[in-house]
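Me: Hi! I'm about to look at a structure that's new to me. Could you walk me through it?

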Amino acid sequence: MPVAPVLILLGPPGAGKGTQARMLEEDFGLIQLSTGDLLRAAVAAGTEAGRKAKAVMEAGQLVSDDIVLAILKDRMAEPDVAKGIILDGFPRTRAQAAALDALLAEAGRKVTAAVSLEVDDAAMVARVAGRFTCATCGEGYHDQFKQPAHAGTCDKCGGTEFKRRADDNAETVSERLKAYHAQTAPLIAHYETKGVLHRVDAMGSIAGIRAALAEVLGRVTA
Ligand code: AMP
């Protein structure tokens with residue numbers, strides 16, 4: 001790949017951003033940057049940012065731009081991001097999109113592509129409510145759509161402990177969907193205006209969406 005791409009995955013909770021980001025890591029050697037994962041790590045570590053973010057995340061609302069940007073900047077200062085990144089769950093507001101442009105410009109980079117994973121809202125609550133991950137390696141599973149090949153054992157690492165997110169319950173998911181439509185969905189038009197938007201139908205199979213994303217990435221990095 002000639003340029004290290006900066007790919008943004010946009011879409012409501014349950015659209016498959018995390019699942020697809022992990023696959024893009026495998027397929028293209030990119031680095032997944034999930035602000036949700038970074039915030040959950042801060043909450044677990046009990047940092048000041050984590051303490052401030054906890055209640056907001058449990059309510060399904062957006063954490064303040066200041067906290068999210070500070071966490072993202074720290075992560076972007078690590079050398080592995082030079083390989084190219086997939087932003088999963090960031091930016092989520094116009095202010096975050098502007099801050100991202102400024103941060104990338106400092107490093108002589110810009111957004112290569114923003115992919116909108118297009119889904120029906122009505123299906124998202126069921127998708128989110130059934131998901132769980134391997135506690136050891138983070139591989140994602142779903143009660144209905146993606147069970148481990150051998151029940152109770154992670155396909156990837158053989159781990160036997162799994163966890164579910166505290167905010168993956170029906171009530172919080174509907175708050176997260178509201179926040180998405182009010183604050184994040186306007187970014188689709190923002191990236192369309194910049195000429196970097198790609199829309200991918202994300203109601204199909206995980207493998208089909210993976211192939212569609214590979215096709216987009218191949219095109220934008222050719
Ligand atoms: P996610 O893992 O992307 O679904 O994010 C889980 C929760 O973390 C969200 O519901 C927000 O409370 C918070 N969060 C993650 N990323 C951001 C962001 N870019 N801006 C504000 N809040 C965020």
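Reply: Happy to! One term before we start: contact, or touching, means heavy atoms within 4.5 Å. This is a predicted model, where local features need pLDDT of at least 70 and side-chain atom pairs count only at pLDDT 80 or more, while totals for chains, interfaces and linings use all residues. Residues are numbered from 1 along each chain as its sequence is written, and side-chain values use heavy atoms, with hydrogens and water left out.

Me: Great. What does Ala 42 touch, not counting residues up to four places away in sequence?

Reply: Ala 42 touches Thr 47, Gly 50 and Ile 71.

Me: And where is Ala 42 found?

Reply: Ala 42 is in helix α2. Helices (H or I, at least four residues) and strands (E, at least two) are DSSP runs, numbered from the N terminus.

Me: Is Ala 42 buried or exposed?

Reply: Ala 42 counts as buried, because its relative accessibility is 9%. Buried means under 20% relative accessible area, exposed over 50%, and partly exposed in between (1.4 Å probe, protein chains only).

Me: How far apart are Ala 42 and Lys 54 in space?

Reply: They are 9.0 Å apart, C-alpha to C-alpha, and twelve residues apart in sequence.

Me: Let's switch to the ligand. Which residues come nearest to the ligand?

Reply: Of the 16 residues around the ligand, Thr 35, Arg 40, Gln 61, Gly 89 and Gln 96 come nearest. Being near a molecule or strand takes a heavy atom within 4 Å of it. Helix α2 gives the most to this shell, with four residues.

Me: What lies 2.5 Å from an oxygen atom of the ligand?

Reply: That is a backbone N or O atom of Gln 61. From the side chains, an N or O atom of Arg 40 is 2.9 Å from a ligand oxygen, and one of Arg 165 is 3.0 Å from a ligand oxygen.

Me: How much of the ligand does the protein bury?

Reply: The protein buries 97% of the 480 Å² that the ligand exposes when taken alone. Those areas come from the Shrake-Rupley method with a 1.4 Å probe; for residues, only the protein chains shown count as cover.

Me: Now the core. Which residues touch the most other members of the largest nonpolar core?

Reply: Leu 87 and Tyr 191 do, out of 33 residues in that core. A nonpolar core is a set of buried Ala, Val, Leu, Ile, Met, Phe, Trp, Tyr and Cys residues joined through side-chain atoms within 4.5 Å. Helix α4 gives the most to this core, with six residues.

Me: What does Tyr 191 touch?

Reply: Leaving out residues up to four places away in sequence, its contacts include Ile 8, Leu 10, Pro 91, Ala 97 and Leu 100. There's also a second, separate core of 21 residues, with Leu 7, Val 200, Ala 202 and Leu 213 among them.

Me: Which helix is Leu 104 in?

Reply: Leu 104 is in α5, and it counts as buried because its relative accessibility is 1%. Beyond four places in sequence, Leu 104 touches Val 6, Met 76, Arg 109, Lys 110 and Val 111.

Me: On to strands. In what order do β5, β6 and β7 sit in their open sheet?

Reply: The order is β6-β5-β7, with antiparallel pairing. Strands β6 (140-142) and β7 (162-163) stand at the edges with a single partner strand each, so one side of each is left without a neighbour in the sheet. Two strands pair if DSSP finds at least two bridges between them. Thr 133 stands opposite Lys 163 in β7.

Me: How do β2 and β3 pair?

Reply: They pair in the parallel sense over four bridges. Within β3, Ile 86 is the bridge partner of Gln 32.

Me: Which way do the β2 residues point?

Reply: Ile 31 and Leu 33 point one way, Gln 32 and Ser 34 the other way, and all are buried. In a regular strand the side chains alternate between the two faces of the sheet.

Me: Last one: what does the side chain of His 142 reach at 2.6 Å?

Reply: It reaches the backbone oxygen of Arg 127. His 142 lies in strand β6 and is buried, with a relative accessible area of 8%.

Key
Polar contact = N/O pair within 3.5 Å; in protein donor to acceptor, adjacent residues only side chain to side chain.
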